[in-house]
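Subject: Structure handover

Hello,

Here is the structure I said I would pass on. My notes on it follow below.

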Amino acid sequence: MRIAERLLLPSPCYSFEFFPPKTEAGQGALFDTLRELKELEPGFVSVTYGAGGSTQRGTTEIVSRIKHEVGIEAMAHLTCIGHSKDELSGVLDRLQGEGIQNVLALRGDPPVPPGGKRATLPSLFQPEAGGFRFSGELMRFIREGRRDNRWTFCLGGACYPEGHMECPSRDEDLIHLVEKVSAGAEFLLTQLFFDNAFYFDFVQRAQAARIRVPIVPGIMPITNFEQIDRFTRMCGATLPMRLRLQLERYQNDPDAVLQLGVAHATVQCMELLSRGAPGIHFYTLNRSRATRMIVTALKNARG
Ligand code: FAD
């Protein structure tokens with residue numbers, strides 16, 4: 001099913017994001033997790049696209065297996081990093097050949113050199129020769145492939161309630177988001193956030209800018225304080241002070257951190273859904289426990 005169509009249905013669309021494991025044991029564990037999560041009737045599952053060749057091939061293989069073996073709708077992420085147009089065409093042909101209907105078209109982040117820092121303002125990102133600089137260019141390219149029926153994907157894009165790290169202002173970031181939607185994004189998934197005010201304000205600004213596609217909030221259940229501290233620094237998301245202090249207090253008690261993370265995310269999701277979010281996209285980090293607890297609570301509470 002095309003995700004844009006699923007998002008129009010009245011029931012909330014719960015989706016789960018995974019990354020391709022590096023080992024066979026990791027793959028086995030991932031498919032066990034997916035079979036468990038299938039009981040929660042996810043609208044779709046998505047698989048990230050890394051900078052290395054083996055994890056890139058892993059994305060295509062895994063989305064195909066999720067769709068055809070596990071029987072859950074699956075979306076492949078695809079990034080411009082390190083790819084010429086011809087290489088991107090090759091990946092898209094393979095995905096089309098595997099019957100994949102949904103692609104999250106991204107610019108991606110260049111790999112960070114050991115001891116190096118991620119690009120912030122001004123962008124250090126340099127496109128591959130004959131490649132693309134922005135996700136909008138990739139989307140336009142994929143959309144052009146629709147004319148001759150080479151590719152028929154439903155396209156999603158990323159968006160940033162707190163603004164993208166490299167963009168000088170949220171207003172400018174929104175202008176680029178409008179371009180991304182006109183280039184072909186039929187739905188948007190947000191960067192993770194822990195304070196719903198960022199999402200509601202962002203949706204309001206997007207609507208004022210005439211963005212009409214569904215904007216699905218991205219939620220990462222906190223299960224480890226150090227990890228979340230690192231992620232939020234990397235992607236520029238705010239960890240609210242009250243939550244940070246609670247996490248710091250319990251950081252040496254993994255079970256308490258899990259309970260706190262699940263409680264915070266459940267309250268976030270309840271409010272997001274009750275105020276009109278079309279679903280929730282969970283950043284699972286390939287673990288199912290916290291996500292399962294949250295979705296079960298949401299289903300029980302909402303019927
Ligand atoms: P873009 O839309 O190209 O935007 C990048 C920057 O350029 C922004 O600052 C934007 O304002 C600016 N910009 C856009 N268009 C223009 C223009 N025409 N002129 C000037 N400036 C412009 N990364 C991965 O490597 N693999 C993944 O699988 C992956 N999955 C993700 C999933 C989600 C839901 C999200 C939110 C992010 C994901 N990322 C992933 C991270 C993402 O690749 C990074 O955030 C990256 O820095 C930006 O990607 P983008 O597609 O939003 O880029």
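Thr 291 lies in helix 11, which spans residues 289-302. Please keep in mind that this is a predicted model. With a relative accessible area of 2%, Thr 291 is buried. Leaving aside residues up to four places away in sequence, Thr 291 touches Phe 16, Pro 221, Phe 282 and Thr 284.

Eight strands form a closed barrel in the order 1-2-3-4-5-6-7-8, and the pairing is parallel. On average, neighbouring strands of this sheet are turned by 25° against each other, direction ignored. One of the pairs joins strand 4 (residues 102-106) to strand 5 (residues 154-159), in the parallel sense and over three bridges. Within strand 5, Cys 154 is the bridge partner of Asn 102.

On to the interior. In soluble globular proteins, nonpolar side chains tend to be buried together. The largest nonpolar core here has 65 residues, of which Leu 34, Ile 66, Leu 188 and Phe 282 touch the most other members. Helix 10 (residues 254-274) supplies the largest share of this core, six residues. Not counting residues up to four places away in sequence, the contacts of Leu 188 include Gly 157, Ala 158 and Cys 159, along with Leu 177, Val 181 and Ile 211. A second, separate core has 15 residues, including Leu 192, Ile 228, Ala 237 and Tyr 283.

Last, the cysteines. How many disulfides does the structure hold? The number is zero. Cys 80 is in no disulfide, and the nearest cysteine sulfur, that of Cys 167, is 16 Å away. Cys 80 is also buried, at a relative accessible area of 1%. Cys 235 counts as buried because its relative accessibility is 17%, under the 20% cut-off.

Regards

Methods. Residues are numbered from 1 along each chain as its sequence is written. This is a predicted model: local features need pLDDT of at least 70, side-chain atom pairs count only at pLDDT 80 or more; totals for chains, interfaces and linings use all residues. Side-chain values use heavy atoms; hydrogens and water are left out. Helices (H or I, at least four residues) and strands (E, at least two) are DSSP runs, numbered from the N terminus. Buried means under 20% relative accessible area, exposed over 50%, partly exposed in between (1.4 Å probe, protein chains only). Contact means heavy atoms within 4.5 Å. Two strands pair if DSSP finds at least two bridges between them. Axes are lines fitted to C-alpha atoms, for helices over the stretch in contact, and angles run from 0 to 180 degrees between N-to-C directions. A nonpolar core is a set of buried Ala, Val, Leu, Ile, Met, Phe, Trp, Tyr and Cys residues joined through side-chain atoms within 4.5 Å. A disulfide is a pair of cysteine sulfur atoms within 2.5 Å.
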